[in-house]
Amino acid sequence: MSFDVILRNGRIAGREHDPVDIGVCGGRIADISPRSHAATPDGAREIALDGRLVIPGFVESHIHLDKSCISDRCTCHTGTLQEAIESVAAAKLAFTEEDIYARGRRTLEKAIVQGTTRMRAHVEVDPRIGLKGFRAVSRLKRDYAWAVDIQVCVFPQEGLLNDPGCDELLVAACEDGAELIGGCPYTDGDPRGQIARIFDLGRRYDIDIDFHLDFDLDPSWMHLDEVCRQTAAYGWGGRVAIGHVTKLSAIDQTALEKIGRKLAEAGVAVTVLPATDLFLMGRGAEHSVPRGVTPAHRLLAHGVTCSLATNNVLNPFTPFGDCSLLRMANLYANIAQLGRPDELLACMDMVTLLPAKLMNLRDYGIAVGNPADIVVLDCEERLSAVSELTQPLLAMKRGRISFSRPAATINWPVAMPSSVKDDIGVNSFAGEKSLARLG
Ligand SMILES: [Zn+2]
């Protein structure tokens, strides 16, 4: 068998105990075999992974590239969701397509070097911004296809039925290739009407749907029921996701179980956005501030497809962000008080396998025949990845290396004592050598 690249001695996530060699040919995974010391065939490039963890890349199921990196343009005082929406709406008036492209690019490149290989970008469409965001993010999708596959989800952040001209723009974006349509009923004068209209458009263009939903801590009313009802009515199970849903952090276990069963039965997936939800929720509390983050791990137990995602980066919704989904998994584990191995593995699943399922990605995974989307982390198993936040060292997209960085080395001021040499084992050195070769 001939290969373009052979990745030697890697540990595939979920099968960490048996190191393998992965052969890549024509941009696809052509072979996965037990680790071997056989000579590398002529013409193939060899990359020594020295037992490191291999995943098919992180999957970002919810991010806003168009309004990222604008913290310096907004002044905020209360830190509430309402203030974030208003200050971004004001800043948005000055956006140009080039400006959106440049900021989106900065954010996207951060995601790439954090090992993200698939992404769903939510893009605002309304009569103020028009299709500038959609056009800029569509260009980013084309220009960065060598590193990351992007699904573009257009949605009305500031209302639909109460915003004349918005509907026509959403339709124009769908006509022009938007892969998904999203909604934000909580800013609409007629939330149920908006939900119905978004389902209408989803069916008309045969596209999946992704709502921003139930984003506060008042559990006395929810739009979730209506979304489940419409999903069943349209036969759209498995094609609908809802993001935030922070109300579910404010209900008791029995109520959560009931809703979990309902979501699973309807085929409605949930995306939790820990950084934003933590930052914006509970602003009315002076002490014992609620975390406001929905317990996705409990919903998993009822068969709900759940993901953890970045959402906003450097804007009034979330004035932080390195686009690391591993950090989101770790942050969520910390907030949700998860520390058992099975719980930490579930957190890893929620930034890899589960968002891939949520996004209906059918060719995701380290398997023969799939695109050679391969990310190498500087550890041997998923548990360490989540608990220690180990760095991605290399990403390959369709067989081409899209980024690499060397593993860290410690520089001793004098010759390393032999007792330390004996102690740290050989992997650190082998890693340094092999990763130097990648550069
Ligand atoms: Zn969002």
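Predicted model: local features only at pLDDT ≥ 70, side-chain atom pairs only at ≥ 80, totals over all residues.
β5 runs parallel to strand β6, residues 116-124, and four bridges join the two. Strands of a sheet pair through backbone hydrogen bonds, either parallel or antiparallel.

Now step back to the whole sheet. Eight strands make it up, and the sheet is open. Read across, their order is β5-β6-β7-β8-β9-β10-β11-β12, with parallel pairing. From one strand to the next, the twist averages 20°.

Next, look at β8, residues 180-183. Leu180 and Gly182 point one way from this strand. Ile181 and Gly183 point the other way. Are these four residues buried or exposed? All are buried.

β8 has strand β7, residues 149-155, as a parallel partner, over two bridges. Here Ile181 in β8 is the bridge partner of Val154. To get from β7 to β8, the chain passes through helix α4, residues 166-175. This β-α-β crossover is right-handed.

β8 also pairs with strand β9, residues 208-213. Four bridges link β8 and β9, again in the parallel sense. Gly183 stands opposite Phe211 in β9. Helix α5, residues 191-205, forms a β-α-β unit with β8 and β9, and that unit is right-handed.

Notes:
Residues numbered from 1 in each chain as written. Heavy atoms only, no water. Pairing = 2+ DSSP bridges. Axes fitted to C-alpha atoms, helices over the stretch in contact; angles between N-to-C directions. Buried < 20%, exposed > 50% of the residue type's maximum accessible area, 1.4 Å probe, protein only. Right-handed = clockwise from strand over helix to strand, strands pointing away.
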